[in-house]
Amino acid sequence: MTLMTREGPAGALSDFQQATAAHAFRQLYLDQDSSRRFLVADETGLGKTHVAREVINLTLDHLQQVDRVRRSDIVYVCSNADIAAQNIRKLNVAGSETPSFATRLSLLITQPDVLKPTGGKGKPATFVAFTPATSFQFGWQLGTAAERAVLYVLLRGHLGLRRARATAAERIF
């Protein structure tokens, strides 16, 4: 199978970047003993972001041909918000009009536009970025007030809480 890049002349990948992206894609999707993860590590400035963009391109093209896949959700997890802001538009090959950060993973329900898929050609796709500091902090924390409010609304509806029980649950959260 020949893997073609969607990058134009201005964004053309070097030979080693194309080879890396093609190898990663083959390992993820085509090889019999494929892996569900792949790490590209290199010196700063050698094009890891461009390689990642191409792997996303190849993946989206591949998933267009898979009948059981109805949409693609690309989740970009980055070490910090500054790097994510720098790379988010470069990696947004899904065509999301406003790729953005999800402020907290638990608050995605309050941000419906973040996961709104773009039409484009073929199956819809979304692109969302998370950082560990804003989305994946675990521990004994009680969460933010907004997170507790979402939990309250969900539980109130799910458990059918009314009157005194709803008030008691509201005070707890």
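Predicted model: local features only at pLDDT ≥ 70, side-chain atom pairs only at ≥ 80, totals over all residues.
Helix α1 is residues 15-30, and it packs on α2 at an angle of about 45°, with the axes 9 Å apart. That angle makes α1 oblique to α2. The crossing of α1 and α2 is right-handed.

For orientation, the chain has 6 helices and 3 strands. Read from the N terminus, the order is α-α-β-α-β-β-α-α-α. There are 173 residues in the chain, and buried residues make up 32% of them.

Now α3 itself, residues 81-91. Which residues of α3 are buried? They are Ala84, Asn87, Ile88 and Leu91. Why do these four count as one side of α3? Because they cover an arc of only 130° around the axis, they sit on the same side of the helix. The face turned away from that buried side carries exposed residues, namely Asp82, Gln86 and Arg89.

At the N-terminal end of α3 there is a cap. Asn80 provides it, with a side-chain oxygen 3.0 Å from the backbone nitrogen of Asp82. Asp82 is also one of the exposed residues on the outward face.

Next, the strands. How many of the 6 residues of β3 are buried? The count is 6 of the 6 for this strand, residues 125-130, so β3 is largely enclosed by the rest of the structure. In a regular strand, side chains alternate between the two faces of the sheet. In β3, Ala125, Phe127 and Ala129 point one way, while Thr126, Val128 and Phe130 point the other way, and all of them are buried.

The partner I will discuss is β1, residues 72-77, which pairs with β3 in the parallel sense over 6 bridges. Two of the bridge partners can be named: Ile74 goes with Phe127 of β3, and Tyr76 goes with Ala129 of β3. On β1, the covered face consists of Ser72, Ile74 and Tyr76. The uncovered face of β1 consists of Asp73, Val75 and Val77.

Between the C-alpha atoms of Ile88 and Phe127 the separation is 8.7 Å, although the two residues are 39 apart along the chain. Phe127 is also the bridge partner of Ile74.

Last item, Arg163. Most residues other than glycine have a negative phi. Arg163 has a phi near 50°, a positive value in a residue other than glycine. Where is Arg163 placed? Its place is in helix α6, residues 163-172. Is Arg163 buried or exposed? At 74% relative accessibility, Arg163 counts as exposed.

That is the end of the tour.

How values were computed. Residues numbered from 1 in each chain as written. Heavy atoms only, no water. Buried < 20%, exposed > 50% of the residue type's maximum accessible area, 1.4 Å probe, protein only. Arc of directions from axis to C-beta. Polar contact = N/O pair within 3.5 Å; in protein donor to acceptor, adjacent residues only side chain to side chain. Pairing = 2+ DSSP bridges. Axes fitted to C-alpha atoms, helices over the stretch in contact; angles between N-to-C directions. Parallel < 35°, antiparallel > 145°, perpendicular 65-115°, else oblique. Left-handed = near helix turned anticlockwise from the far one by under 90°.
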